[in-house]
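Dear colleague,

Please find below the structure that I am handing over to you. My notes on it follow.

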Amino acid sequence: MSTIAATVKTPNGGKYVRQLCKHWSHKLETVVDGDKGTVTFPNAVTVMDADADGIAITITGEDRDAVQGLTDVVARHIDRFAFREDALVYDWAWQD
């Protein structure tokens with residue numbers, strides 16, 4: 001398994017996690033519990049856990065290239081919801 005993670009600083013993390021899970025729930029399996037959300041893609045699972053400082057994001061899957069590709073998908077979608085904020089910074093790093 002390959003896992004990549006990032007922490008994104010934003011005071012609105014919980015809001016974005018809930019919005020993103022609702023957005024993807026029409027096509028993907030999603031679970032939301034407060035400010036934590038899980039999205040199951042065909043080739044990986046994304047977990048987002050927000051607090052007052054930001055969102056901790058992990059993406060885990062068998063195919064490292066597919067996991068890498070989802071970093072852009074997740075970031076672009078969060079950025080859409082965060083359009084009122086300055087550009088968010090994603091510090092992606094492999095965990096394995």
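What span should the 18 residues of helix 2 have, and how far apart are its end C-alpha atoms? At 1.5 Å a residue (times one less than the number of residues), helix 2, residues 64–81, should span 26 Å, and its end C-alpha atoms are 27 Å apart, which agrees. Helices (H or I, at least four residues) and strands (E, at least two) are DSSP runs, numbered from the N terminus.

This is a predicted model, in which local features need pLDDT of at least 70 and side-chain atom pairs count only at pLDDT 80 or more, while totals for chains, interfaces and linings use all residues. Residues are numbered from 1 along each chain as its sequence is written, and side-chain values use heavy atoms, without hydrogens and water.

Among the buried residues of helix 2 are Val67, Leu70, Val74 and Ile78. Buried means under 20% relative accessible area, exposed over 50%, and partly exposed in between (1.4 Å probe, protein chains only).

The structure also holds two aromatic pairs (ring centres of Phe, Tyr or the six-membered ring of Trp within 6.5 Å; planes under 30 degrees apart are stacked, over 60 edge-to-face, the rest tilted). Tryptophan 24 and phenylalanine 41 are edge-to-face, at 5.1 Å centre to centre and 80 degrees between the planes. Tryptophan 24 counts as buried at 8% relative accessibility, as does phenylalanine 41 at 10%. The centres of tyrosine 90 and tryptophan 92 are 6.2 Å apart and their planes at 10 degrees, so this pair is stacked. Tyrosine 90 is buried at 16%, whereas tryptophan 92 is partly exposed at 24%.

Yours sincerely
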